[in-house]
Structures are given as structure tokens and as C-alpha cells.
Amino acid sequence: MYSDDDRALMGRALALARKGMYTTTPNPRVGCVIEKDGQVVGEGWHRQTGEPHAELLALAQAGDKAKGATVYVTLEPCSHQGRTPPCTDILTEAQVARVITAMEDPNPLVNGQGLERLRAAGIDVRCGLMEQEAAELNVGFVSRMTRGRPWMRMKLAASLDGITALPDGRSKWITSEEARADGHLWRARTCAILTGIGTVKADNPRMTVRGVRTTRQPAKVLIDSRLEANPAAELFRHGKVIVIHALQEADADRSARLRDAGCELVSLPNASGKVDLAAALRELGRREFNEIHVEAGPKLNASLVSAGCVDELLLYLAPALLGDGGRLFDLPAVAALEKRFRLSWLDMERVGEDLRLRARVLDVPPPAA
């Protein structure tokens, strides 16, 4: 169905889409290439919300050459009026002959309607070329549109025997400078960085992107059930923080101090008097966050995994053995192998002297009766 040239041109469109890795949120990352008579006559990629979509930029570059051309776009062209006009109408007006998309847009406002409008206009439309690559590029956007929640990626760093800190709590630095810089790249692509009160008390982190070029800082989210955070903590000195707590009636003075530090307080308690983590994730989806990057301690890590909130693990392993100390997850031992948390490897790569492993969470065992 697709030729080698089709695959090469869609590959180019995906490469263009990746240029928006750090800027497009909450919109998807999209690239577009227009080809006619064996030549690329236009290309573009979506940069950020409110700016022209990839198709519009490519059409502007192609000009009159767009007539009778083939359009390769990584996501179904939109068919609704949003911050920008419908791309389907502009493609139709340009009289393109063929549109090849990598995947349908999971946004309920589009979701196949864009392709149908193009077909109704007499354009040859095909969908599904390099679909997996396109979906992976926008894994957070797809998650938010189909599940109503962001994609949650948990970053971890440990020695080869799974130790994250010495018995006295010291952990700087288990992994190499190169691994830490790579971790900041993963921070930069996300919509929000999430941590817990335990990490804030122990490490006093800033939770900002540093050492890599970026045009924006992700939002910050703190899970703090009892509003124990010190308003003078570094976390609050570098941008607004959403503090999710579990108090029905929070202490007025404590709440006021955190609000004065630039925090927004959100109460989402569960029946046990702790934060309802699943509800917190839905709330972040409502705020149009596509990807959440977690850097927390073993207790919150375990709670998030057990609640089914974690989709992906980003693990940096240092070539060292530390013996007894802090571990990645504060999880109880499983009684049987069928009760284990199952993962699937995504990729493995050497970063500096460390290994970076990515794994997808396949399923979470049901809680013990």
C-alpha cells in the first residue's frame, strides 16, 4: 500500500514533528511534508499553541505547487475551528490530490471526521503509515484524549543493586553527570514535574529544567496530604506549584502561607485520609497536561504504581553496588509470582557510564483481600 518513498517522506514529517518536543503542549507534536513530482515543495511543524498548524506552514511554503500534490502529515488534519482554522478546509482549497496520515486524531472533536471531510472533497486519503511511531511521539496527548488523564513517566536513579540512597539518606550523586543531564531533557519535554512531601523535606529540590536549552519550565505538582511543606522550600521559589492535599478543612494560616508562596491548593482526599492519586491524575488531565514526570521517594513511588497511575519507568542504573540502603519502591513483598507488577522493556541505552532503561507498566495486581 505504501512505497519506500512514502515511508521516507513520512519519516521526514515525524522528524519535523519532533522539533516541537518541548514546546507544543498541550497541543500534539505534528509535522507535515508536501511532495509533488518527486520533489518536496513544502514542509512545516507545529511550534506551540496558537501558532499555525504544520499543514498550514507547509502549504504556505508550497504555494501554487500544492495543487495536485501529496501531503504527508503525522496526525489527522483537524476539522474544527479552534485557536486556528480547520486544516481540512485549507487543504481542500489548495486542491491537494492526496493526503497520507500516520494516525487518526484521538481528540473527540476530530477522531476521523477530518479524514471523512477530505474524502468528501474528492481527495485520496490514506491513514496508518508509521502509526506506532506517531502515537509514541504523542503518547501523552493520546492518553489525555482517550483516558482523560496524562501519561505518567516515573524517573528513578539507582545503583546496580537497586539502591537509591545511603542509609543516612545521601544520594548525590549515584549516577553520572551525563545521566543527570539526560534526565533534565526528559523533564523539559513534560508538562509537569510531580514530587512528594518526603522528597521536599529530604532533598529540598528545585524541580526545574537546568543545563539544557528550553523555552519554558514545566509546571510543578506537590503531593502533600497534610500540608506539611515549608513555604520557604526551594520548590516554591522557582515558579507556581500545585499542591494537592487531603485535608477537608485545611489550617487557615498554613494554607495562607503556601498561597503567599505562589501555590494553588487542591483538596482531593480518599477514604483513608490520603490524596486520591487517581483523582489527582484526572485533575491534571483536566488542566490539559499531557505528560507528567515523577521524581519522588519510595513511598510515593509505590503508592502511584499501586494506584495504577504509572505508565512508564525511566530508570538510570549506575555501575556500582551500594549494599543496604534506600530502595526504589516501598512495596510489600508479593506472596506469589502472579501477584507481581509486570513490565515490558521499551529500550535500553548507555548514557555516560550509566544505563538508561525504559519500561512500560503492563498491569497492576489487585489489592490484597
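1. The His46 side chain and Gln48. A polar atom of the His46 side chain lies 3.3 Å from the backbone oxygen of Gln48. A polar contact here is a pair of N or O atoms within 3.5 Å; within protein, one must be able to donate a hydrogen and the other to accept it, and residues adjacent in sequence count only if both atoms are side-chain atoms. The side chains of His46 and Asn27 are also joined by a polar contact, of 3.0 Å.

2. Basis of the model. This is a predicted model: local features need pLDDT of at least 70, side-chain atom pairs count only at pLDDT 80 or more, and totals for chains, interfaces and linings use all residues. Residues are numbered from 1 along each chain as its sequence is written, and side-chain values use heavy atoms, with hydrogens and water left out.

3. Setting of His46. His46 sits in the loop between strand E2 (39-45) and helix H2 (54-62). Helices (H or I, at least four residues) and strands (E, at least two) are DSSP runs, numbered from the N terminus. His46 counts as buried because its relative accessibility is 3%. Buried means under 20% relative accessible area, exposed over 50%, and partly exposed in between (1.4 Å probe, protein chains only). Beyond four places in sequence, His46 touches several residues, including Gly20, Thr24, Pro28, Glu51 and His53. Contact means heavy atoms within 4.5 Å.

4. Arg149. This residue lies in the loop between H6 and E6. Arg149 has 13% relative accessibility, so it counts as buried. Its side chain reaches the backbone oxygen of Cys309 at 2.8 Å. Leaving aside neighbours within four places in sequence, Arg149 contacts Ser143, Arg144, Leu281, Gly285, Gly308, Cys309, Val310 and Asp311.

5. The sheet. An open sheet is formed by 9 strands, ordered E11-E10-E9-E8-E12-E6-E13-E16-E15, with mixed pairing. Strand E11 (263-267) and strand E15 (342-351) are the edge strands; each pairs on one side only. Neighbouring strands of the sheet are turned by 25 degrees against each other on average, direction ignored. Two strands pair if DSSP finds at least two bridges between them. E15 and strand E16 (residues 354-363) pair in the antiparallel sense over 9 bridges. Arg360 in E16 is the bridge partner of Ser344.

6. Helices on the strands. Helix H6 (residues 139-147) lies across strand E6 (151-159) and strand E12 (291-294), at about 135 degrees to E6. Helix H7 (residues 177-189) lies across E6, strand E8 (192-196), E12, strand E13 (312-318), E15 and E16. H7 runs at about 165 degrees to E13. Axes are lines fitted to C-alpha atoms, for helices over the stretch in contact, and angles run from 0 to 180 degrees between N-to-C directions.

7. Gly198. Helix H8 (residues 197-203) holds Gly198. Gly198 is partly exposed because its relative accessible area is 48%. Gly198 and Val41 are 157 residues apart in sequence and 54 Å apart in space, C-alpha to C-alpha.

8. The whole chain. The chain has 11 helices and 16 strands. Its C-alpha trace spans about 70 × 45 × 45 Å along its principal axes. Buried residues make up 49% of the 369. Of the contacts with a separation of 6 or more, 70% join residues 24 or more positions apart.
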